[in-house]
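Subject: Structure for your review

Dear colleague,

Please find below the structure that I am handing over to you. I would be grateful if you could read the notes that follow it with the model open beside you.

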Amino acid sequence: MLTPVHRWIWSDTDRRVQKLLRFSETETDGGRDILRAAEVTSDPLLRRLYLEHAIDEFRHGVLFRHRAATLLKVSPCRSNPGFQGDWLTSGGHGLDDLQVDGESDSDMLAFLHLSEKSAASRFTVYRDVMQHDPPTRAVFEEILHDENFHMNYTLTQLARVEPKRHKRHLWRARFSRLWKTYLRLATGIAGILGSLLLTIQYFVLLPPFAWLAKRAARREPSGWTIVAAGTSQSLDRQY
Ligand SMILES: [Fe+2]
Ligand SMILES: [Fe+2]
């Protein structure tokens, strides 16, 4: 449904550069968190998979950054690229919400599975709207392949770690993501409404005050004013 909006957002080169750089940060941060997950898990198989996963995410970060750098060389960025629509076109993962310490293996796997699923679906859309930029499309295509693998291994491992209750973990993680999505959308909408209301206030409420102030200023006598004798006292105290 939002494909035309995504196409418009990605059509601008400056915006594309900014987004690729931001995606690169998200992937690298996600890789760092998964590396931490590899340190804290007591499951040897998960540790090995997490390490491979973290290496993939770091590589994605490098791929996005290199593509952004190439685009920048071709067309240097404006200082202000304008509307970014970040709340609409997030990095996909939601890995920035990851809290590694204190999470059980099953909660971590449920969270990772949903994050990777979301990344895979987002990157599919971004790849599909990128017909005008084949090299960037190829980057999304390559990363998408890894995200699909991440999505599948996390689900398989969740079913191994929690054979009976893995669906419950998935639902809990789903509700948590839904709440965070609501907060992100609400923040975006609140920002737009706030700007709108302040603009209306500026043009509707301020003019009467400005007019009253100007009228009061016109009534003020200009220059020195003679004070009637007897109304002023000598300046022998502060007040
Ligand atoms: Fe990734
Ligand atoms: Fe991933």
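Among the elements of the protein, helix H5 (residues 134–161) has the highest mean pLDDT, at 96, whereas helix H1 (residues 3–11) has the lowest, at 85. Please bear in mind that this is a predicted model. The protein as a whole averages a pLDDT of 87, and 87% of the residues score at least 70.

I turn next to the metal site. Which residues coordinate the iron ion (ligand 1)? The donors come from Glu27 (OE), Glu57 (OE), His60 (ND1) and Glu147 (OE), at 2.0 to 2.2 Å. Along the chain, the donors of this iron ion (ligand 1) follow the spacing E-x29-E-x2-H-x86-E. Glu27 belongs to helix H2 (residues 13–40) and Glu147 to helix H5, so this pair ties together parts that lie 120 residues apart in sequence. Glu27 and Glu147 are both buried.

The angles among the 4 donor atoms of the iron ion (ligand 1) run from 77 to 149°, and the site is irregular. For comparison, the ideal angle for four tetrahedral donors at a metal is 109.5 degrees.

Helix H3 (residues 44–74) and helix H4 (residues 105–128) pack at an angle of about 30°, and their axes are 14 Å apart. Since angles under 35 degrees count as roughly parallel, H3 is therefore roughly parallel to H4. The crossing of H3 and H4 is left-handed.

Yours sincerely,
A colleague

How values were computed
Residues numbered from 1 in each chain as written. Chains lettered and ligands numbered in written order. Predicted model: local features only at pLDDT ≥ 70, side-chain atom pairs only at ≥ 80, totals over all residues. Heavy atoms only, no water. pLDDT = per-residue confidence, 0-100. Helix = DSSP H or I, 4+ residues; strand = E, 2+ residues; numbered from the N terminus. Donors = N, O, S within 2.8 Å, 3.2 Å for Na, K, Ca; no water. Tetrahedral: all angles 85-135°; square planar, octahedral: opposite > 155°, others 65-115°. Buried < 20%, exposed > 50% of the residue type's maximum accessible area, 1.4 Å probe, protein only. Axes fitted to C-alpha atoms, helices over the stretch in contact; angles between N-to-C directions. Parallel < 35°, antiparallel > 145°, perpendicular 65-115°, else oblique. Left-handed = near helix turned anticlockwise from the far one by under 90°.
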